[in-house]
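Please read each point with the structure open beside it.

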Amino acid sequence: MKRLKKPVLFLLLLEVLAIAGNLLNIEIFVGVNFLFSSVFVFIVIHYFGVRWGVLVSFLSALPTILLWGTPYGLVTLVIEAFFVGYMYHNHKKNLILWDMLFASIIAIPLSILPVSYY
């Protein structure tokens with residue numbers, strides 16, 4: 001039982017840091033914020049796996065609904081965690097490569113899509 005305490009506490013710490021990373025964002029310009037939660041989500045993906053990474057991503061992305069007034073940020077961050085985690089654990093172990101691929105191929109079109117409806 002003692003073996004579970006440290007990993008659970010580490011996971012909870014990473015969740016709190018991921019939430020703080022989204023709440024303490026930097027506004028680059030109007031409507032565009034730099035979020036820090038993905039750093040902690042990637043640590044969770046590395047140590048705990050994709051399922052926990054997606055869960056931490058979902059919980060930490062909930063404040064983006066209040067931040068932007070839409071669930072698009074939450075959806076994008078959860079898809080990012082799933083995509084990067086899946087590729088990291090099933091292919092080459094390079095989080096930066098998979099995140100850059102996600103950003104360029106999936107995230108940019110996902111972020112343009114909601115804007116086109118306004």
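At roughly what angle do the axes of helix 2 and helix 5 cross, and within what distance do they come? The points below begin with that pair; please keep in mind throughout that this is a predicted model.

1. Helix 2 and helix 5. The axes of these two helices come within 10 Å and cross at roughly 35 degrees, and helix 2 passes helix 5 in a right-handed crossing. On the side of helix 2 the contact involves Ser37, Ser38, Val41, Phe42, Ile45 and His46, and these meet Leu77, Glu80, Ala81, Val84, Gly85, Tyr88 and His89 of helix 5. Sorted by class, the residues of this contact are seven nonpolar, five polar and one charged.

2. Helix 2 on its own. This helix is made of twelve residues, and the distance from its first C-alpha to its last is 16 Å, close to the 16 Å expected at 1.5 Å a residue. Just after helix 2 comes Gly49, which takes a positive phi of about 105 degrees.

3. Helix 2 and helix 3. Two packed helices are described by the angle between their axes and the distance between the axes. For helix 2 (residues 37–48) and helix 3 (residues 50–61), the axes come within 8 Å and cross at roughly 160 degrees. Because angles over 145 degrees count as roughly antiparallel, helix 2 and helix 3 are roughly antiparallel to each other. Helix 2 passes helix 3 in a right-handed crossing. In this contact Ser37, Val41, Val44, Ile45 and Phe48 of helix 2 meet Trp52, Gly53, Val56, Ser57 and Ser60 of helix 3, and the residues divide into six nonpolar, four polar and no charged.

4. Helix 3 and helix 5. Here the helices pack at an angle of about 165 degrees, with their axes 9 Å apart, and helix 3 and helix 5 are therefore roughly antiparallel to each other. The crossing of helix 3 and helix 5 is right-handed. Helix 3 contributes Val50, Gly53, Val54, Ser57, Phe58 and Ala61 to the contact, while helix 5 contributes Leu74, Leu77, Val78, Ala81, Phe82, Gly85, Tyr86 and His89. By class, the contact of helix 3 with helix 5 has ten nonpolar, four polar and no charged residues.

5. Helix 5 on its own. The 19 residues of helix 5 (residues 72–90) should span 27 Å at 1.5 Å a residue, and the end C-alpha atoms are 27 Å apart, which agrees. The buried residues in helix 5 are Gly73, Leu74, Leu77, Val78, Glu80, Ala81, Phe83, Val84, Gly85, Met87 and Tyr88. Tyr72 also lies in helix 5, but Tyr72 is partly exposed, with a relative accessible area of 40%. The C-alpha atoms of Tyr72 and Ser111 are separated by 7.7 Å, although these two residues are 39 residues apart along the chain.

6. Two residues of helix 1. Is Asn22 buried or exposed? Asn22 lies in helix 1 (residues 2–23), and because its relative accessibility is 2%, Asn22 counts as buried. Leaving aside its neighbours within four places in sequence, Asn22 is in contact with Leu35, Phe36, Ser37, Ser60, Ala61, Thr64 and Leu77. Phe10 has its place in helix 1 too, yet at 31% relative accessibility Phe10 counts as partly exposed. With neighbours within four places in sequence again left aside, Phe10 is in contact with Ile43, Tyr47 and Phe48.

7. Arg51 has its place in helix 3, and at 79% relative accessibility Arg51 counts as exposed. The C-alpha atoms of Arg51 and Gly85 are separated by 8.6 Å, the two residues being 34 residues apart along the chain. Gly85 is among the buried residues of helix 5, whereas Arg51 is exposed.

Note on methods:
Residues are numbered from 1 along each chain as its sequence is written. This is a predicted model: local features need pLDDT of at least 70, side-chain atom pairs count only at pLDDT 80 or more; totals for chains, interfaces and linings use all residues. Side-chain values use heavy atoms; hydrogens and water are left out. Axes are lines fitted to C-alpha atoms, for helices over the stretch in contact, and angles run from 0 to 180 degrees between N-to-C directions. Helices (H or I, at least four residues) and strands (E, at least two) are DSSP runs, numbered from the N terminus. Angles under 35 degrees count as roughly parallel, over 145 as roughly antiparallel, 65 to 115 as roughly perpendicular and the rest as oblique. A crossing is left-handed if the near helix is turned anticlockwise from the far one by less than a right angle, and right-handed if clockwise. Contact means heavy atoms within 4.5 Å. Ala, Val, Leu, Ile, Met, Phe, Trp, Tyr, Cys and Pro count as nonpolar, Asp, Glu, Lys and Arg as charged, and the others, Gly among them, as polar. The expected span of a helix is 1.5 Å times one less than its number of residues. Buried means under 20% relative accessible area, exposed over 50%, partly exposed in between (1.4 Å probe, protein chains only).
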